[in-house]
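Welcome, and do keep the viewer open while you read.

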Amino acid sequence: VTVVEVPTYHKLLIVGDVAIIPAPDLNQKIAITNYLIQTAHSLGIEKPKVALNAATEQMSAGMQACIDAAIISKMADRGQIKGAIVDGPLALDVAIDKESAEIKKLGGEVPGDADCLVFPNIESGNVFFKSCTKLAKGELGAMVMGAKVPCVLTSRGDSIQSKMYSIALAAMAAK
């Protein structure tokens, strides 16, 4: 789980997975979704808005990311995933940009205002988080979830500030 602060976004983004699972299957994406929700709750976000990312917000049976996102969204609708508003598949632009969501005529609570982003694979997640830090001057904190104890997760190229945020995030999760 990575918590990203990007100067151009109006709130923190809680994202996953950016560094551990190369190609998560459906069950792993469900676990990632729940870890993001759990982290959002620990940060005081009572009902986080979770965007399940894919290359498009259109349902495409030829893209596994779209299929998995649709299944997870329906699970949330039926109460199988609790404590959040979950939507997907959503392309990144509509997940975090209200104007893009309006242009594409996407309603709902998540488009344009996501708190959490679930990436379909490690490539998309890792490119996103490195773009946030290197191009958008963002800072982040990251940790491994699902271990017996919190585990800090940093990149060798992360700033000292991001490394400190990672320690703080893991310490908070240890409570």
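The report below covers a helix first and then a loop residue, both in a predicted model.

Helix H5 runs over residues 122-134. With 13 residues at 1.5 Å a residue, H5 should span 18 Å, and its end C-alpha atoms are 18 Å apart, which agrees.

Have a look at the start of H5, too: there a side-chain oxygen of Asn-121 comes to within 3.2 Å of the backbone nitrogen of Glu-123.

## The two sides of H5

Which residues of H5 are buried? They are Ile-122, Gly-125, Phe-128, Phe-129, Cys-132 and Thr-133. Seen down the axis of H5, these buried residues fall within an arc of 140°, so they line one face of the helix. An α-helix has 3.6 residues a turn, so residues three or four places apart point the same way.

The cover over the buried residues of H5 includes strands S1 (2-5), S2 (13-16), S5 (116-118) and S6 (139-144), along with helix H3 (92-96). On the face turned away from the buried side, H5 carries the exposed residues Glu-123, Val-127 and Lys-134.

## Asp-115, a loop residue

Now move to the loop between helix H4 (98-103) and S5, where you will find Asp-115. Is Asp-115 buried or exposed? Its relative accessibility is 6%, so Asp-115 counts as buried, the cut-off being under 20%.

The side chain of Asp-115 makes a polar contact with that of Lys-11, at 2.9 Å. Leaving aside residues up to four places away in sequence, Asp-115 touches Lys-11, Leu-12, Leu-13, Ile-14, Ile-45, Lys-47, Pro-48 and Lys-49.

Technical notes
Residues numbered from 1 in each chain as written. Predicted model: local features only at pLDDT ≥ 70, side-chain atom pairs only at ≥ 80, totals over all residues. Heavy atoms only, no water. Helix = DSSP H or I, 4+ residues; strand = E, 2+ residues; numbered from the N terminus. Expected span 1.5 Å × (residues − 1). Buried < 20%, exposed > 50% of the residue type's maximum accessible area, 1.4 Å probe, protein only. Arc of directions from axis to C-beta. Contact = heavy atoms within 4.5 Å. Polar contact = N/O pair within 3.5 Å; in protein donor to acceptor, adjacent residues only side chain to side chain.
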